Amino acid sequence: MRAGNLITMVARTVIPAPAEAVFAWHEAPGAFERLTPPWEPVRVVRHEGGIRDGARVSLRVGPWPFSLRWDLRHVDYQSGRSFTDEQVSGPFRSWRHVHRMIPEGPDACVLDDTIEYELPLGAIGALIGRWFVQRKLKRLFAYRHAVTLRAFQKTPTQEEGRD
């Protein structure tokens, strides 16, 4: 990746659960679908190998008839802590998304999503598309982090059962 047009987006949320539990939730079948907002036109075409190194995901993104294929591969799998997806081919010049679950004591972690990407068309693409893509990613990850947080928040009835 060329650093000149590389754009970074970071989303961080404290989740009231151990890092290993949040990681397992992300690794479980159907996680991508749970984390996809209902307003996003994204369809999984093929998913092979989960999130471990070498796994592949092919998506169709965008509304028909303008949808594009987006092929990603998973690398840097660290059980209970992190995994990364990288674009093989798709709408970006480059894309690298690191998903981290950073322990914050025994009963909490920081869910950290760091995305580094480069838009097509060099400086012109960055100038025209940066605001739009950053806005879209911030909304997407606000949703994803809210879904994850809800999955681990205790309800009042769950709290009553504790001594």
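These are my notebook entries on the predicted model shown above.

**Ground rules**

I worked on a predicted model, so local features need pLDDT of at least 70 and side-chain atom pairs count only at pLDDT 80 or more, while totals for chains, interfaces and linings use all residues. Residues are numbered from 1 along each chain as its sequence is written, and side-chain values use heavy atoms, with hydrogens and water left out.

**Entry 1: overall layout**

I began with the secondary structure. I found four helices and seven strands in the chain. Helices (H or I, at least four residues) and strands (E, at least two) are DSSP runs, numbered from the N terminus. I read the order from the N terminus as β-α-α-β-β-β-β-β-β-α-α.

Next I looked up the dimensions. The C-alpha atoms fill a box of roughly 60 × 30 × 30 Å along the principal axes.

I then checked burial. Of the 163 residues, 42% are buried. Buried means under 20% relative accessible area, exposed over 50%, and partly exposed in between (1.4 Å probe, protein chains only). The chain exposes about 9500 Å², with carbon and sulfur atoms supplying 56% of it. Accessible areas come from the Shrake-Rupley method with a 1.4 Å probe, and for residues only the protein chains shown count as cover.

I also looked at contacts, meaning heavy atoms within 4.5 Å. Among those between residues at least 6 apart in sequence, 49% join residues at least 24 apart.

**Entry 2: the cores**

In soluble globular proteins, nonpolar side chains tend to be buried together. I searched for nonpolar cores, defined as sets of buried Ala, Val, Leu, Ile, Met, Phe, Trp, Tyr and Cys residues joined through side-chain atoms within 4.5 Å.

The largest core has 17 residues. Trp-70, Phe-92, Trp-95, Ile-115, Tyr-117, Leu-137 and Phe-141 have the most contacts inside this core. I noted that β1 (7-15), β3 (56-61), β4 (68-78), β7 (109-118) and α3 each supply at least two of its residues. Helix α3 gives the most, with four residues.

I followed Ile-115 from there. Leaving aside neighbours within four places in sequence, Ile-115 is in contact with Ile-7, Thr-8, Met-9, Trp-95, Arg-96, His-97, Leu-137 and Phe-141.

A second, separate core has 15 residues, including Leu-35, Cys-109, Leu-111 and Val-147.

I looked up Thr-148, which lies in helix α3. Thr-148 is buried, at 1% relative accessibility. Not counting residues up to four places away in sequence, Thr-148 touches Ile-15, Val-22, Trp-25, His-26, Leu-35 and Leu-111.

I then turned to Ile-128, also placed in α3, which covers residues 122-152. Ile-128 is exposed, at 66% relative accessible area. Together with Leu-121, Ile-124 and Leu-127, Ile-128 makes a nonpolar surface patch of about 520 Å². Patches are made of residues with over 30% relative accessible area and no salt bridge: like charges are joined within 9 Å, nonpolar side chains (Val, Leu, Ile, Met, Phe, Trp, Tyr) within 5 Å.

**Entry 3: salt bridges**

I took a salt bridge as a side-chain nitrogen of Lys or Arg within 4 Å of a carboxyl oxygen of Asp or Glu. The count comes to 11.

Arg-52 pairs with Glu-27, the closest N and O atoms being 3.7 Å apart. Arg-52 sits in the loop between β2 (42-48) and β3, and Glu-27 in helix α1 (residues 19-27), so the pair ties together parts 25 residues apart in sequence. Arg-52 is partly exposed at 47%, and Glu-27 is partly exposed at 28%.

Arg-93 pairs with Glu-118 at 3.6 Å between the closest N and O atoms. Arg-93 is in the loop between β5 (82-89) and β6 (94-103), and Glu-118 is in strand β7, so this pair also ties together parts 25 residues apart in sequence. Arg-93 is partly exposed at 46%, but Glu-118 is buried at 2%.

Arg-100 meets Asp-112 at 3.4 Å, N to O. The pair links strand β6 to strand β7, 12 residues apart. Arg-100 is partly exposed at 32%, whereas Asp-112 is buried at 2%.
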